[in-house]
Amino acid sequence: MNKEAILKSYLDHSKSVILLQANSKKPFGHSWKNLNLTFDQIITHEGNFGFEIPVENLILDIDPRNGGLDSYKNLKENLKVEFIQTVKTPSGGFHIYLKIPDKYKNQKFPKKLTDYPGIDCLTVGHYVVIPPSSIDNKWYSFI
């Protein structure tokens, strides 16, 4: 998929795309939550991209540098659940996009899972880096 198709897909699925600095995970500007960007503004951006996580989504961010791969294996075994990996990250980790059941929407989730180091839970109020972003010429890509 090319840049335009990827970003259009996020927007078509009601995801709020945000602009990030080039080679960075940091937002482009201080008021990233309050921007109403047009598709032309988004597609011409030269930096990275993210999406603001809506209330119905939870993203598991698995980071191998902090023990995330072992924690992920343990989480799957303990929950007896097979997750679908969604986005490969430049660190060798990955993101798992999940839909939160209605009865759990608007509840607080811990960002760090103390029993599972290297796994972050990203929910409403956070954002996640998306393809076609890159850090040090290593790309975020769909799995």
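Residues are numbered from 1 along each chain as its sequence is written, and side-chain values use heavy atoms, with hydrogens and water left out. In this predicted model, local features need pLDDT of at least 70 and side-chain atom pairs count only at pLDDT 80 or more, while totals for chains, interfaces and linings use all residues.

Start with the rings. A search of the whole structure turns up five aromatic pairs. Rings of Phe, Tyr and Trp (its six-membered ring) pair if their centres lie within 6.5 Å; planes under 30 degrees apart count as stacked, over 60 as edge-to-face and the rest as tilted. One of the pairs joins Tyr10 and Phe51. Their centres are 5.4 Å apart, the angle between the planes is 40°, and the pair is tilted. Tyr10 sits in helix 1 (residues 3-12) and Phe51 in strand 2 (residues 48-52), so this pair ties together parts that are 41 residues apart in sequence. Helices (H or I, at least four residues) and strands (E, at least two) are DSSP runs, numbered from the N terminus.

How accessible are these two rings? Tyr10 is buried at 5% relative accessibility. Phe51 is buried too, with a relative accessible area of 0%. Buried means under 20% relative accessible area, exposed over 50%, and partly exposed in between (1.4 Å probe, protein chains only).

Tyr10 has another partner. Its ring and that of Phe142 have centres 6.2 Å apart and planes at 25°, so the pair is stacked. This pair links distant parts of the chain, with Tyr10 in helix 1 and Phe142 in strand 10 (residues 141-142), 132 residues apart. Phe142 is partly exposed, at 38% relative accessibility. Ring pairs link Tyr10, Phe51, Tyr97 and Phe142 into a cluster.

Now turn to the nonpolar cores. A nonpolar core is a set of buried Ala, Val, Leu, Ile, Met, Phe, Trp, Tyr and Cys residues joined through side-chain atoms within 4.5 Å. The largest one holds 20 residues. Leu7, Tyr10, Phe49, Phe51, Val128 and Ile130 touch the most other members. At least two residues of this core come from each of helix 1, strand 1 (16-20), helix 2 (39-43), strand 2 and strand 7 (127-130). Strand 1 gives the most, with four residues.

Phe51 shows what such a position looks like. Leaving aside neighbours within four places in sequence, Phe51 is in contact (heavy atoms within 4.5 Å) with residues including Tyr10, Val17, Ile18, Tyr97, Val128 and Ile130. A second, separate core has twelve residues, among them Ile62, Tyr72, Phe83 and Tyr116.

Next comes open space. On a 1 Å grid over the protein atoms alone, a pocket is an open set of points where a 1.4 Å probe fits, with protein on both sides within 12 Å along at least five of seven lines; lining residues have an atom within 4 Å of a point. The largest pocket holds about 540 Å³ of space. Grid points are joined across faces, edges and corners, and the volume is the space filled by probe spheres set on the points. Of its 29 lining residues, Lys25, Asp61, Asp63, Arg65 and Tyr140 are the closest to its centre. Strand 3 (57-62), strand 6 and strand 7 are the elements that give two or more residues to this lining.

Asp120 lies in strand 6 (residues 119-122). Asp120 counts as buried because its relative accessibility is 15%. Its side chain makes a polar contact of 3.0 Å with that of Lys112. A polar contact is a pair of N or O atoms within 3.5 Å; within protein, one must be able to donate a hydrogen and the other to accept it, and residues adjacent in sequence count only if both atoms are side-chain atoms.

Gly118 lies in the loop between strand 5 (94-99) and strand 6. Gly118 is buried at 14% relative accessibility. Its C-alpha atom is separated by 7.2 Å from that of Arg65, 53 residues apart along the chain.

Ser71 is in helix 3 (residues 68-79), and is buried at 4% relative accessible area. Not counting residues up to four places away in sequence, Ser71 touches Tyr116, Pro117 and Ile119.

Finally, Ser134 belongs to strand 8 (residues 134-135). Ser134 is buried, at 12% relative accessibility. Leaving aside neighbours within four places in sequence, its contacts are Asn23, Ser24, Asn48, Trp139 and Tyr140.
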